[in-house]
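Good morning, and thank you for joining.

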Amino acid sequence: MVAKTLYDKLFDSHVVHEENGTALIYIDRHLVHEVTSPQAFEGLKLANRKVWRVNSILAVPDHNVPTTNRSKGVAGIADPISRLQVQTLDENCAEHGVTEFKMNDMRQGIVHVIGPEQGATLPGMTVVCGDSHTSTHGAFGALAHGIGTSEVEHVMATQCLVQKKSKTLQVLVEGQLGNGVTAKDIALAIIGKIGTAGGNGYAIEFAGSAIRALSMEGRMTLCNMAIEAGARAGMVAVDDTTIDYVRGRPFSPKGQDWDKAVEYWKTLHSDEGAKFDTVVTLSAQDIQPQVTWGTSPEMVVGVDGKVPSLDLAKNEVQRSDWERAYAYMGLTPNTPIDEINIDKVFIGSCTNSRIEDLRAAAAVAKGKHIAPNIKLALVVPGSGLVKAQAELEGLDKIFIDAGFEWREPGCSMCLAMNADRLEPGERCASTSNRNFEGRQGQGGRTHLVSPEMAAAAAVAGHFVDVRLI
Amino acid sequence: MQAFMQLNGLVAPLDRANVDTDAIIPKQFLKSIKRAGFGPNAFDEWRYLDHGEPGMDNSKRPLNRDFVLNQARYQGASVLLTRENFGCGSSREHAPWALEDFGFRVVIASSFADIFFNNCFKNGMLPIVLSAEVVESLFQEVEVDIGYKLNVNLAAQTVTTPTGKVYPFEVDNVRKHNLLNGLDDIGLTMQQQDKIKAFEVKHKQAQPWLFV
């Protein structure tokens with residue numbers, strides 16, 4: 001038998017039909033949020049089509065929801081355009097009978113946090129969502145990727161997606177991570193190495209001893225950022241860590257189904273000798289806590305590094321990219337990273353808002369206080385359940401005592417569609433995933449870091465090596 | 001979907017690599033529940049000097065005269081020429097909607113981000129990959145030639161310059177067929193519904209937990 005990669009196994013087991021190298025693949029789970037779905041629901045209505053399999057869909061509002069007082073419910077959303085978008089999701093879900101965790105449901109949260117939390121993301125599934133960070137769900141040995149709104153409508157109407165097979169890229173990370181070095185740092189180090197286009201056309205499988213040692217939260221952080229390396233899908237093979245995480249969750253299989261599922265899930269790994277189109281290797285020991293300095297996630301260095309000078313650019317195109325980035329970020333080449341002062345801190349997003357992330361940040365902030373130059377430090381849990389768990393552990397109190405604001409769950413300042421945003425020129429240490437121009441607010445300057453590094457920066461008022469405090 | 005066959009279009013050069021979809025259409029405009037009307041806010045933060053919000057009268061906003069798409073010579077452009085990894089980042093289909101609404105039907109770059117590339121084909125737009133060298137030479141030609149147009153022929157899979165240089169490009173056969181004929185993907189997939197149903201039965205037997 002031909003040795004298969006995990007990607008091959010997942011793709012091949014979902015092919016409904018194949019013609020001229022283009023396949024129709026069956027979608028097991030469709031996650032939906034308010035921003036990329038209204039036009040899809042409208043399209044269905046205009047064409048008089050029905051949803052093919054309603055119980056494959058789980059919907060939640062996350063991008064537009066306020067992270068402050070929600071006592072007035074959806075009607076209390078101050079921005080009328082945001083309110084209409086959330087209301088439209090509620091109406092569409094009610095009309096089609098789609099399961100939705102509404103804004104004030106305890107289970108509401110960021111779509112990529114609640115899928116796994118509920119067991120709605122399972123190993124072996126094909127998972128799609130009209131959101132590029134759907135790659136997160138690949139952490140479970142699932143084939144998961146973001147799609148556009150036309151495809152959201154296509155999946156709603158047909159339960160299928162038209163796909164061509166991707167090439168495969170194996171990213172091997174061997175060895176043991178140093179103290180204070182996290183899955184976020186692995187992700188940024190990989191992107192620093194292969195670039196934001198390095199994964200274009202590929203599905204990435206993350207493997208090696210450093211990946212095996214990661215918790216599910218860590219694996220989700222890593223797969224989440226596969227898209228920042230240009231790959232639509234990132235994945236990790238199933239092992240006991242995966243199965244232990246999935247056990248007992250609301251949507252997870254029960255009884256005999258559970259045993260049968262586990263038996264199948266244990267086959268979800270690349271076979272011995274399976275061939276990848278490309279292999280990239282990193283040594284875990286060499287990875288430092290990472291800080292992005294520019295306007296693309298590939299503009300990243302270790303915390304002990306400096307803003308790179310132009311002579312290090314690989315070509316003319318990169319030189320002009322860097323020159324624009326220096327100007328936008330208000331930085332000069334050769335500035336040591338730990339001399340960069342910050343104005344705001346954001347701990348949250350589908351990359352880093354899970355319980356483990358909050359625990360790690362709280363451990364750094366405990367007994368300390370944010371620096372006087374920090375105007376705002378936000379902690380935005382990934383879901384209502386993460387928030388409740390954190391409160392049970394007293395993490396909220398640690399953050400509040402340290403001067404952070406403890407907010408309601410949502411995407412918040414990762415993309416600033418709600419009221420949480422940077423003002424022009426403000427500099428932010430952020431645990432999110434994109435440092436593009438204007439991403440966190442027009443003129444805002446984003447530096448991507450791990451939760452530990454964000455908390456350390458909040459306390460110091462500038463970037464600082466979390467291993468030294 | 002609107003069909004795409006052939007176009008002889010004015011070219012606008014956007015000389016940047018890694019242009020992300022947040023830049024193409026900033027997040028505040030994603031609050032709309034419509035598919036149309038994003039054109040006036042395409043590249044909003046680069047194009048205007050003030051901060052844009054939905055509902056503003058864009059015709060009264062101060063333009064950034066330095067931004068290439070604001071220059072008189074590129075008004076009416078339907079071909080966008082740009083650099084590598086165009087459309088990276090967010091999956092928002094609002095990005096091709098905005099470009100299309102602005103007037104672009106063709107985007108030429110040395111590479112594209114996967115999701116953006118895919119989204120273009122759903123909206124009657126043609127993304128074309130040409131080598132970095134060819135893209136560089138096109139940038140040089142556009143620069144010196146006011147009114148520079150390219151002739152794009154999807155059936156022949158060629159881009160032809162005003163001086164008659166012909167650059168062939170690759171396009172997936174299925175996508176080409178659908179684009180040439182303006183075919184709706186959903187309608188085509190619905191023709192396979194018996195196969196989908198049969199797959200579903202088999203899949204449910206093997207993994208019943210997926211269907212609860």
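**The interface and the sheets**

Let me begin with one pair: A:Asp79 and B:Lys31 form a salt bridge through their side chains, at 2.6 Å from N to O. By salt bridge I mean a side-chain nitrogen of Lys or Arg within 4 Å of a carboxyl oxygen of Asp or Glu. Side chains of opposite charge can pair when their charged atoms come close.

Before going on, a note on conventions. This is a predicted model, in which local features need pLDDT of at least 70, side-chain atom pairs count only at pLDDT 80 or more, and totals for chains, interfaces and linings use all residues. Residues are numbered from 1 along each chain as its sequence is written, chains are lettered from A and ligands numbered from 1 in the order in which they are written, and side-chain values use heavy atoms, with hydrogens and water left out.

How many salt bridges cross the interface of chain B and chain A? The rule finds 8 there, and 39 in the structure over all chains. The interface also has 35 residue pairs in polar contact, both residues being at pLDDT 80 or more. A polar contact is a pair of N or O atoms within 3.5 Å; within protein, one must be able to donate a hydrogen and the other to accept it, and residues adjacent in sequence count only if both atoms are side-chain atoms.

Which helix gives the most to the side of chain B that touches chain A? That is H8(B), with 9 residues. Helices here are DSSP runs of H or I with at least four residues, strands are runs of E with at least two, and both are numbered from the N terminus. By class, this side of chain B has 21 nonpolar, 19 polar and 22 charged residues. Here Ala, Val, Leu, Ile, Met, Phe, Trp, Tyr, Cys and Pro count as nonpolar, Asp, Glu, Lys and Arg as charged, and the others, Gly among them, as polar.

In terms of contact, meaning heavy atoms within 4.5 Å, 62 residues of chain B meet 75 residues of chain A. The two chains bury about 5700 Å² between them, with 54% of it on carbon and sulfur atoms. Buried area is the accessible area (1.4 Å probe) that two parts lose on being put together, summed over both.

I turn now to chain A. Four strands make an open sheet in the order S11-S10-S9-S12, with parallel pairing; two strands pair if DSSP finds at least two bridges between them. Strands S11 (233–235) and S12 (278–283) of chain A are at the edges with a single partner strand each, so one side of each has no neighbour in the sheet. From one strand to the next, the twist averages 20°. Angles run from 0 to 180 degrees between N-to-C directions, and axes are lines fitted to C-alpha atoms, for helices over the stretch in contact. Within this sheet, S9 (residues 167–174) and S10 (residues 202–207) of chain A pair in the parallel sense over 6 bridges. A:Leu169 has A:Ile204 as its bridge partner in S10(A). Helix H6 (residues 183–194) of chain A packs on the sheet and touches S9, S10 and S12 of chain A, its direction making about 125° with that of S12(A).

Chain B, for its part, has an open sheet of 7 strands in the order S4-S3-S2-S1-S5-S6-S7, with mixed pairing.
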